[in-house]
Amino acid sequence: MRTVQATVTAPRPRPAGAFLPASAVPPRQDAALAAGLAALASAIAVTVGSGRHPDALGWTLLLVLHVPLAWRRRAPLAALAIMIPLIAFYHQQDFNHSAPTAASMVVLYTVAVSSGPRRTAVIGCAVIGLMLLLKIRHGMAGLAVSFQISGWIISMLVLGGYIRVYRENAAAALERAERAERTREEEARRRVAEERLRVARDLHDLLAHSITLIGVRTSVAAHVLATDPERLDRAAVARALDDIAETCRTARGELRTTLDVLRDPDAPDSRGPLPGLPGLADLARSAAGAEVDLTVTAGEVPPAVGAAAYRIVQEALTNAVRHGGREDLTVRVRVDETDGALRVRVIDDGVGAGAGARTAVRPADGAEAGEAGTAGNTAFAGGAGDGAPGYGLPGMRERARSVGGTVTAGPRADAPGFEVTAVLPLGGTA
């Protein structure tokens, strides 16, 4: 048995260069970029480049075509649709042709980053075609310039497509890393929950069985002492007390081992081999207060299946003794192997389903009176015998489910008593 510690880690920050949605980009960044490009274009318009200096109309066109850049990441296609006619009209008036180049490249790059390959190719062809229509009237000189401008347009579109693919890959890698981290945390939580359930089952099986045996043997000693004090059977009392002491020693050893593993998760598991079918004989002999008829016809089984069968029989015997409601209780235990499964059947002849009243395990024990068993072993089927919910039958079902098996339990149909049947596949654990 090993305890598992789950560590909840804080979400890791996104690496630099990871894709951010347009809504996460502050609008003032794009506005500042638009203002900077407008200032650069104004400086180019009066210093370098071909074409005439802008007049009032030229300055208006040059400054207005930079305004859509403030929304380039939130509405790239709309920004391109507004800027292209303004740029085309600006070039048609033969104003300085180099001034709006930077703005044109930025908007094309933005469209390529935010669009798929097909849309980017269509937009690039449309822009190049429009540029050729504007330059065709300049003859061969215009054709040479067109090739140069086309190279810049294609370069911006390819660069934008590359950045888009890089961001998508980075976002996918980040998502996979976060999903793997969540999976590890969920797996750790699941293992912690399974370990807690396993510890709860072990403690329940150990304590319920031991305490029940101690209670029954104490009732025997009390009965011997109270029946006829003048003819005291000292040997019977001594045997009962010795059985109590042996049960306490065994329970204390198992409990210490369980608590040691819980206290130090890194300590080696020193419980030894799991309980299995060979231990059923000792289990049957230790069932004080009932005569156990044990028959085992199965061979060697997987350790997990043997341990599940042992715990199911242990819980069934514990509850039969606790809730049988009679002194001459008989329990028949049958364990056999058929059709690739281990079949466990535990039948007792305790209080029948129609008895309708509580009885005592030992009539002479006043403390036990009214606490043992109800009609049809109600406490065994889910209650604790005093109106509180118990874990006997759910625990057996969990034991069987851990190896892919099933458990059915209920009052016998043909005679008074209770029956538990388990089918545990031998092909492997679930």
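This is a predicted model: local features need pLDDT of at least 70, side-chain atom pairs count only at pLDDT 80 or more; totals for chains, interfaces and linings use all residues.
Residues are numbered from 1 along each chain as its sequence is written, and side-chain values use heavy atoms, with hydrogens and water left out.

Let's begin with charge. Side chains of opposite charge can pair when their charged atoms come close. A salt bridge here is a side-chain nitrogen of Lys or Arg within 4 Å of a carboxyl oxygen of Asp or Glu, and the structure holds nine of them. In one, the side chains of Arg-72 and Asp-30 meet at 3.4 Å, N to O. Arg-72 sits in the loop between helix 2 (56–64) and helix 3 (76–92), and Asp-30 belongs to helix 1 (residues 27–45), so this pair ties together parts that are 42 residues apart in sequence. Helices (H or I, at least four residues) and strands (E, at least two) are DSSP runs, numbered from the N terminus.

Are these two partners buried or exposed? Buried means under 20% relative accessible area, exposed means over 50%, and partly exposed is in between (1.4 Å probe, protein chains only). Arg-72 is buried at 10%, and Asp-30 is buried at 0%.

Now look along helix 6 (residues 139–227), where Glu-175 and Arg-179 are four residues apart, about one helical turn. Their side chains form a salt bridge at 3.6 Å, N to O. Glu-175 is partly exposed at 46%, and Arg-179 is partly exposed at 38%. Helix 6 also holds Arg-190 and Glu-187, three residues apart, whose side chains meet in a salt bridge at 2.4 Å, N to O. Here too we find partly exposed residues: Arg-190 has a relative accessible area of 37% and Glu-187 one of 34%.

Next, helix packing. Two packed helices are described by the angle between their axes and the distance between the axes. The axes of helix 3 and helix 5 (residues 117–135) come within 11 Å and cross at roughly 10 degrees. That makes the two helices roughly parallel. Axes are lines fitted to C-alpha atoms, for helices over the stretch in contact, with angles from 0 to 180 degrees between N-to-C directions; angles under 35 degrees count as roughly parallel, over 145 as roughly antiparallel, 65 to 115 as roughly perpendicular and the rest as oblique. Contact means heavy atoms within 4.5 Å, and the residues of helix 3 that meet helix 5 include Leu-80 and Ile-84.

Finally, turn to the nonpolar cores, each a set of buried Ala, Val, Leu, Ile, Met, Phe, Trp, Tyr and Cys residues joined through side-chain atoms within 4.5 Å. Of the 34 residues in the largest core, Leu-342 and Leu-424 touch the most other members. Helix 9 (303–323) and strand 3 (341–348) are among the elements that give two or more residues to this core, and helix 9 gives the most, with 10 residues. Apart from this core lies another, of 29 residues, among them Ala-41, Leu-80, Val-106 and Ile-153.
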